[in-house]
Amino acid sequence: MSSLVINTIRRQCLSQFRGLFLRRPSTVLSRGLRVSYAAVSQRNKTIKDDFSLLEATNNPDQFGTLSPQVDEPETLDEGDLREEDFLQNKPSPSQKLSVRQYADLIKDHLKNNRIREALDVIEVRMKQDRVKPVNYLFNLLIGGCARVGYSKKAFQLYNKMKQHGLKVTGGTYTSLFNACANSPFLGDGLNRANHLREVMLEKGYEPNESNYNAMIKAYGRCGDLKTAFQLADEMVARRLCIGTDTFNFLLQACISDHEYGFRHALLVWHRMHRMRIRPDRYSFNLLLRCVRDCQLGDLETTEQVIEQILSDSIGSRSQVQLPIGEEKEQQTAETSVMQLPTEVDSPSEVVTIRQELSERLQHEGAPDLLSPAPHLGSLVKLGEVRKPEDRLLLLGGSSNVFAEMKRCGVEPDIRTITELLDVIPPTYAAEKQLLATIKQLKIRCDVDFFNILIKKRSMRFDYEGAREVLYMIEAANLEPDIVTYGVLALGCQTQEEAKSLLKMMHDADVRMNIQILGAMLRQGCAKKNFRYVTEILNIVRRERLKPNEQFLGHLEAFSKVCEKQDRDYDAKPRKKGREEFKMEYNRYRMQLDAWREHMGLQGLALDQALGIVREHPWEQFKEPQAEGFEKTKNPKLRHKHKRQHSIRKVDVDAIADQEEGTKGVGLVP
């Protein structure tokens, strides 16, 4: 028993001793292995870093194609940050707005001409709110871009609209064609209109009346008259209602053709008579614009057109007699009537037409191609019709225009009077008669009418009479605007007169612009006044104004004239005034070179300089509206019309005739 206990104790002691002995070497061994592993790892890391990516890829002894280790970038990618922010920062339900609220935001921005802010509602705000836009919001933005001629953005919105799978409506097509019509680039607008029309044909979409009117407007304004008239014929073939608006757009198309537009306008006008469509105020205003801007074209074709107009008016069995003061509903119903004249087949009717046509050709008095029963009066030949006042005489003069408007139940407005002011003869007698008509009709005038009057007198070199219009503006209880000073600058022939006008602007707290200085520069160049031109250049430099295309064009034309005169003086050294011209011209060239260098235009040709100063018409829509902008602070002022007052205080009889030599305007106390 004792030996068994002793052996058990001995075995326990030996096991404890053996465990203690074996544990210590393992600790030492692990430490040694740890040190050796670190050294090997450091050596392998050094060897791995020495390998380039090319060696690691092409080395046959290297297993795999793994590239060397690359450290993680300290800054995260912007796209990852945006994605993380998008996933983590979800908008609250209260932050989202309804479709009507988004629409109200867009309408408010468009109403105040804040195009960039209106676009940000869909492109920024709704993305942040995680709200999918609807086609109504896209149509609002496309219509807003169309009104200002931002055609590129309008079609971008149209493409986004299709990408979202939204329905394209007829109003969308109408707005897109309006964008083409208002585009500042006629070629681009025409190409977009052609492409859009092809898309409509591919989809099998049948245009409605609004679409056709918008297409006629787009093609007409872009100069494609043939397509515009073809679209009108297509409306007739499809038995769609052709109203006054359609013919107004056709008249706009005629205005775009400056060579043959007046002839086309006569055909359109009498087509309205034959179809029993009532012209409105805009129709008369557009016709007067054709009188101002368009020519007759070749005389032989014009004579045939006028003879056709006379024959068609006689051959029409029923002439339209429009009553005065008719109800608006009845006018609308009558406007939609499309009744073409019946063909004349009876020989007796042909004889009657020929007799009446010969009587009209032998009619005495002034011509009248405006009324439903036109005649040429005592006109000898059309070759003498060259100026706007001559073309107005073909319509019977301003008195016949007012008579025809009264017969059609149309009241003229100040825009009609302004259009007439552009086409009446440039005499005091004609202006006096027009002012008397304004007084008789009790039409309220605005400052634009007087601005046109100042320009008309300035263009016929009646600068004193132009300045006297300021008394008429004051008598009408109006205030001159920036355009008034611009047309007054056309009469600043000397440097002293220019300084006087600039002082007047300073007293009125009106800041000068490059257009006013360009008008002064034109006068200085015409008078070959080097000191005057130099003073204008110094003002542009001092006021930090950016020259426009017209300003640089005046300088370029003036430089060519001076160079030609300089060569003439070199060919004739003894010619009088040579030394004085040389001295002034050399001083001017030095100052012009310094001005060009300051403006960054030194050494550039005219085309290159124009490319620098030319402002893109769409740049204004790519930037947010500036803080403190007047339309932002006072949105209601945009919808408020210009101050219009009666000019009954102006004594028309006090305006002296041109032949009497007195040009005073009297005021009734």
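This is a predicted model: local features need pLDDT of at least 70, side-chain atom pairs count only at pLDDT 80 or more; totals for chains, interfaces and linings use all residues.
User: What makes up the secondary structure of the protein chain?
Analyst: It comes to 32 helices and two strands. Helices (H or I, at least four residues) and strands (E, at least two) are DSSP runs, numbered from the N terminus.

User: How many of the residues of the protein chain count as buried?
Analyst: Of 669 residues, 40% count as buried. Buried means under 20% relative accessible area, exposed over 50%, and partly exposed in between (1.4 Å probe, protein chains only).

User: Why is the pair Lys160 and Glu123 called a salt bridge?
Analyst: A salt bridge is a side-chain nitrogen of Lys or Arg within 4 Å of a carboxyl oxygen of Asp or Glu. The side chains of Lys160 and Glu123 meet at 3.5 Å, N to O, so the pair qualifies. Lys160 is in helix α7 (residues 151-163) and Glu123 in helix α5 (residues 115-128), 37 residues apart. In general, side chains of opposite charge can pair when their charged atoms come close.

User: Why is Lys160 called partly exposed, and why is Glu123 called buried?
Analyst: Lys160 has 33% relative accessibility, so it counts as partly exposed. Glu123 has 18%, so it is buried.

User: What makes Lys582 and Asp570 a salt bridge?
Analyst: Their side chains meet at 2.7 Å, N to O. Lys582 sits in helix α29 (residues 578-599) and Asp570 in helix α28 (residues 549-571), twelve residues apart. Lys582 is buried, at 16%. Asp570 counts as partly exposed, at 41%.

User: How many salt bridges does the structure hold, and which residues do shared partners join into one network?
Analyst: The structure holds 30 salt bridges. Those that share partners join Arg116, Asp120, Glu123, Lys153 and Lys160 into one network.

User: What does the salt bridge of Arg460 and Glu431 tie together?
Analyst: The two side chains meet at 2.8 Å, N to O. Arg460 lies in the loop between α22 (447-459) and α23 (463-475), and Glu431 in helix α21 (residues 428-441), so the pair ties together parts 29 residues apart in sequence. Both residues are buried.

User: How do you know that Cys254 is in no disulfide?
Analyst: A disulfide is a pair of cysteine sulfur atoms within 2.5 Å. The nearest cysteine sulfur to that of Cys254 belongs to Cys290, 5.4 Å away. The structure holds zero disulfides. Cys254 itself is buried, with a relative accessible area of 0%.

User: Why is α21 called roughly antiparallel to α22?
Analyst: The two helices pack at about 170°, with their axes 12 Å apart. Axes are lines fitted to C-alpha atoms, for helices over the stretch in contact, and angles run from 0 to 180 degrees between N-to-C directions. Angles under 35 degrees count as roughly parallel, over 145 as roughly antiparallel, 65 to 115 as roughly perpendicular and the rest as oblique. So α21 is roughly antiparallel to α22.

User: Which residues of α21 and α22 meet?
Analyst: Tyr428, Glu431, Leu434, Leu435 and Ile438 in α21 meet Phe449, Leu453, Lys456 and Arg457 in α22. Contact means heavy atoms within 4.5 Å.

User: Why is Val533 called buried, and what does Val533 touch?
Analyst: Val533 has a relative accessible area of 1%, so it is buried. It lies in helix α27 (residues 530-542). Not counting residues up to four places away in sequence, Val533 touches Leu521, Gly524, Cys525, Leu555, Phe558 and Tyr588.

User: Why is Phe461 called exposed, and what is its phi?
Analyst: Phe461 has a relative accessible area of 65%, so it is exposed. Its phi is near 65°, a positive value in a residue other than glycine. Phe461 is in the loop between α22 and α23.

How values were computed:
Residues are numbered from 1 along each chain as its sequence is written. Side-chain values use heavy atoms; hydrogens and water are left out.
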